[in-house]
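Colleague: Before we look at anything in detail, could you show me the model and take me through how its features should be read?

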Amino acid sequence: MLLRPFLSYEELQTHWHAASDQTIAAFIEKHQDYYFSNDVRRRWLHRLMKQNNWQLFDKYYSDMAADVELECAALYRRLRSGAVKKAMAERALEIWHSGADLPDSCDPLFRLLKQKGQLGEGEAWERIRLAVTSGHDAVARYVEQNFMPAKHRGWVNHWLKARHHPRAGLLSAGFPLGGKYSDDIIIDALEQQARTDPQQAESIWRQLLQKKHALARHTPDVYAAIGFRAAINQYPDATQWFQQASFAQERVRHWAMRAAMRAGLWKDVLEFYERLTAEERQSPQWRYWQARALAETGKQKEAEQIYRAIAGERDY
C-alpha cells in the first residue's frame, strides 16, 4: 500500500511521547529513503540528548540530521573522546564565529576548545565583535566573562557605552585610549555616530587625535566608515571622506563610486574607479560609469571606445 509509510509516520507523530527508542529506531531503519526520515531522526536525537542517552545518540547521529544544537553535542563527544580531527576543530570554530546566541549544548564544546588551546583570546574578541555589531550585547558579555583573559575584561562595557553614546563614551576620561582593543571600538562607535551625523563623527575623531596623535594611522579606516554611512544616507558631501579613506572593503569602494555618481562629481568617479580592484574594473557596470565620467569630463573619444567594448557584453 503506497500510503502505508505516510500513515505510519502520522501515527508515530501522534504517539511520539509513548514511542519507545526501539520503535523509533525501527521506523528510521525501515523508512530511511523517505523525506520524513531525517525529521524523525532529528527529533529523536534531541530527545536522546535531553535524556543523556549518548550510546544511542552516537549510534544514530549523522550530519544529515544535524542542526547546531545536535552538532555541538556530537562534536563535543567526538573531540573529548580523543578523536581529534582537524576538520572537526575547524567546524567547531565555524560555529563559534557567530554573534548570535547559540544553544547550551555548544558551551561544553567551546570550553573544551579553550582547554585544548584552540580557542584563544583572538577568537574570543572576534566573537565579541560579531556580537556587539549585530546587537547581541548579552552574548558579548558572556564571551568576555568566560573566554577573555581576566586582565582584558571590561572592554565590552566600554564598547557598548561608546556605541550608544559615541561622544560621551570615547571622550570620557575613563575610556582607555590606546588600549589593546580601543581602536576597534573607536572605529565602530564613529560609524554609529555617522549614521545620524557624519560631521559630528569627524569632530569626535579630531578631538581624539588631539588627545593621542598616534591614532592618526587609523584615519583611513575611520574616514572609510564615516564615508560609507554618509553615502548610504545620501549625505550631499559624502565624497569628502572617501578622499582620505581606505578602500580595502568592497562596501567602501562601491559606495564611494555611487556617492560620486549621485553628486555628479565625475573627476571623483574616475579617481575612485582607479581604486577598485582589478576584477571590479573589468565589470561592465563600473566600466560604463568610467566611460560616462570620461564623457562628462570632455574625453568623449575614450568614452566611446569603452561604450563599444562593453555594448555586446551580457551584463551590460
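Colleague: Which residues does a disulfide join here?

Modeller: A disulfide is a pair of cysteine sulfur atoms within 2.5 Å, and in this predicted model such a link joins Cys72 to Cys106, with an S to S distance of 2.0 Å. A search of the whole structure finds one disulfide. The pair links distant parts of the chain, 34 residues apart, with Cys72 in helix H5 (residues 68-80) and Cys106 in helix H7 (residues 106-115); helices here are DSSP runs of H or I with at least four residues, numbered from the N terminus. The link of Cys72 and Cys106 is right-handed, with 80 degrees about the S-S bond.

Colleague: Are Cys72 and Cys106 buried or exposed?

Modeller: Buried means under 20% relative accessible area, exposed over 50%, and partly exposed in between, using a 1.4 Å probe and protein chains only; both Cys72 and Cys106 are buried. By contrast, Tyr35, in the loop between helix H2 (21-30) and helix H3 (37-50), counts as exposed because its relative accessibility is 60%.

Colleague: Which residues are buried in helix H17?

Modeller: In H17 (residues 266-274), the buried residues are Trp266, Asp268, Val269, Leu270, Phe272 and Tyr273.

Colleague: What should I keep in mind about numbering and confidence?

Modeller: Residues are numbered from 1 along each chain as its sequence is written, and side-chain values use heavy atoms, leaving out hydrogens and water. As this is a predicted model, local features need pLDDT of at least 70 and side-chain atom pairs count only at pLDDT 80 or more, while totals for chains, interfaces and linings use all residues.

Technical notes
Helix = DSSP H or I, 4+ residues; strand = E, 2+ residues; numbered from the N terminus.
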